[in-house]
Structure formats: C-alpha cells, structure tokens
Amino acid sequence: MTTHRTETVQTSKGGAPELIKAVPVRHPWRWVGAAVILVIVLLAVQSLATNENFHWDTYVLYILDVNVVRGVGWTLLLTVLSMVLAIVLAVLLAFMRQSDNPIFRWSSWFWVWFFRGTPVYTQLIFWGLVSVLYPKIAVGVPFGPELFSFTTQDLLNAFWAAVLGLGLNESAYLAEIFRAGLKSVDRGQSEAAEALGMRGTKIMWRIVLPQAMRVIVPPTGNETIGMLKTTSLVLAVPFTLDLTFVTNTLANRTYLPIPLLMVAATWYLLVTSILMVGQHYIEKYYGKGVDNLVPAPVNAAAAKAAAAGLGPASDTMPGGPTVAGKDIEESGR
C-alpha cells in the first residue's frame, strides 16, 4: 500500500485553496530488508553450487531415471484416486451432518471422530492387514448356503489398500471443510429457492454448492497438496512403487542419500507447483463476482478540489462539473 505525506494547504490570493501536493513517504528500511534477503539468497546459491557433498552429478543422473519417473506416476495416481474417493465421501458426510435424521447426523459425526482421531499411518497398517483378519469374504444367505466367495488378498491388493486407507482418512477432514462451506451460504438463499418451488436436491446443487465452493476450494487445494506428500507413508500397506520408496531404494543402493532426497524433493515441488496453479484458476473461477469487486480509484486531490468548488477539479468527479458544483452550492446555502 502506497503511503503519502501531505504538505500544508496554501491559500491563493483569491481565497481558494491550492491543490494538495502529495509527497511519497520514504521507506529506507524496506530497501535494507530487501538487500539482506538478496544477500542471503546469493550465499545459499553459492553454497549449493560449490559444496561437493551434495553430489550434483548423482542428482543429474537420477532426476529422470525411469524408476523415479514411474514412481512419480504411481504417486500421482494414488493422489488422484484417494482424493476422488475422499471428496465423494466428504460430500455425503456433509449432507448427512445437516440432515434432520439423527441417525445420519450421529453416523457422520462418528466417522469424522474416528478417522480424524487415529493416525493415518496406523490406518494404512490396518488396511494392509485386512487380508490377515479376513482371509476370505463370502456372500450368501444368512445362516444358509454360501453363494460365492473370494480371497481378500486378490480383491484388496497393496495399491487399492493404500487408496482406501488414504481416501477414508482424508474424507473426515474434507467433510468438515465441506460442512463449513455449506454453512457459509446464507439461509435466505435456500428459502428464496424454496419459495420459487425448487426441490431440495436442486437447491443444494444449483444454489448452495456453487456459492459454497468459494469457501471450499482453498482448503481442499491444501488438502490435495498434503495428500500428495502423505502418499510417502504407503510403505505401511506395504506399497513399494511410490516416489519416496523408489528414491530411498536408490539411496540405499548408491550409499548417497542426500542427492536422492533432493531428487524426490524436486519432483514433489514440481507437482505441488502445478497443483497450486490449478488451484489458483479454480479459486478465480468460483470467486468471480466477489473477489473481483475492486472499488474505483479515487483521486484524493481532485476530491479535495471539488469540495472547495474549483471548476477544473470538479470535472474529474464522477457526477460531472455541473452536478458537483450544484451540490456544493446547495450545501453552502
């Protein structure tokens, strides 16, 4: 924000005040702070470039390694599928939390309480051991014959166990985000839609959700980025094809953990940056009409001059010279 220092208004011979001369306020310490930051950045770059312990040759060798790139692909697939599952469940849980049915409300509350109250690593270990708890799943008539059955390990392999564990855990957090977004929409919007004869489902999808998305999108974007990094825990399932496991395996093979850690960090930063760009445009889309309301700039000198009744300055007012002059004359009477 630009700050100005105004000089004392001088009065001309005719008695009318002269235009205010605004002088920008000096901020020398801002430049000092910027110079300090620039020096720190240059020293950091020099340290990274000249320190041989980073082994940049190993970093360059493995940054595009086929196993690393494949690990990035599996990490992205885990993130996308887990977030899709979490979003679907979160929307359902948020609607249940606002339902008039107490069973729905308490079921939603229990789901959020349980999955937010236990660590995601513990949940992933549990889903990895489901085949031990239930080796076979059978479908049949209660207390009657068995229709068909299948082994749990064939149905729920390590990949799908990881997706299920991550998605269920994330759904509890997104459910609270969605609930906050739905409650941010004024109740009058739904009442007005009901007065027009719209059904409850249509009101939710056409009236409430589009307005709630402005509140829902930013934290959901943060959760997506967090999910990308949480996939590094799927070794607990165990799933051994993600980016973190692949780079750790290469580090154990080469006995050089630092360059392989930087390889993983580079890919995570790259994917996160792409996700942030997408989040920016989604926020911009749902925020139009609210976030884009920028007030028209006001010329302070012209406003002062118009208030004093000066003709040239009054020409810059929105109402025009005649209207502004007339208002000032009437106020003087």
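## The model at a glance

What you have here is a predicted model, where local features need pLDDT of at least 70, side-chain atom pairs count only at pLDDT 80 or more, and totals for chains, interfaces and linings use all residues. Residues are numbered from 1 along each chain as its sequence is written, and side-chain values use heavy atoms, with hydrogens and water left out.

The chain's secondary structure comes to 15 helices and 4 strands (DSSP runs numbered from the N terminus: H or I of at least four residues for helices, E of at least two for strands). Of the 333 residues, 29% are buried, meaning under 20% relative accessible area with a 1.4 Å probe and protein chains only; exposed is over 50%, and partly exposed is in between. Take the contacts (heavy atoms within 4.5 Å) between residues at least 6 apart in sequence: 67% of them join residues at least 24 apart.

The unreviewed UniProt entry puts "transmembrane region" at residues 31-51, 71-96, 108-135 and 257-278. These positions are in the numbering used here, the feature names are shortened, and the annotations may be inferred rather than shown by experiment.

Residues 71-96 are 100% helix and 0% strand, with 37 Å between the end C-alpha atoms. For residues 108-135, the figures are 82% helix and 0% strand, with the end C-alpha atoms 29 Å apart.

## Helix 3 against helix 4

Helix 3 (residues 66-97) and helix 4 (residues 102-117) have axes that come within 7 Å and cross at roughly 135 degrees. Axes are lines fitted to C-alpha atoms, for helices over the stretch in contact, and angles run from 0 to 180 degrees between N-to-C directions. Helix 3 and helix 4 are therefore oblique to each other; angles under 35 degrees count as roughly parallel, over 145 as roughly antiparallel, 65 to 115 as roughly perpendicular, and the rest as oblique.

On the helix 3 side, the contact uses Leu 89, Leu 93, Met 96 and Arg 97, and helix 4 brings residues including Phe 104, Arg 105, Trp 109 and Trp 111.

## Two buried threonines

Thr 231 sits in the loop between helix 10 (200-230) and helix 11 (243-254). Thr 231 is buried, at a relative accessible area of 0%. Beyond its neighbours within four places in sequence, Thr 231 touches Thr 75, Leu 78, Thr 79, Leu 166, Asp 242 and Tyr 268.

Thr 58 belongs to helix 2 (residues 56-62) and is buried too, with a relative accessible area of 10%. Neighbours within four places aside, Thr 58 is in contact with Leu 256, Pro 259 and Leu 260.
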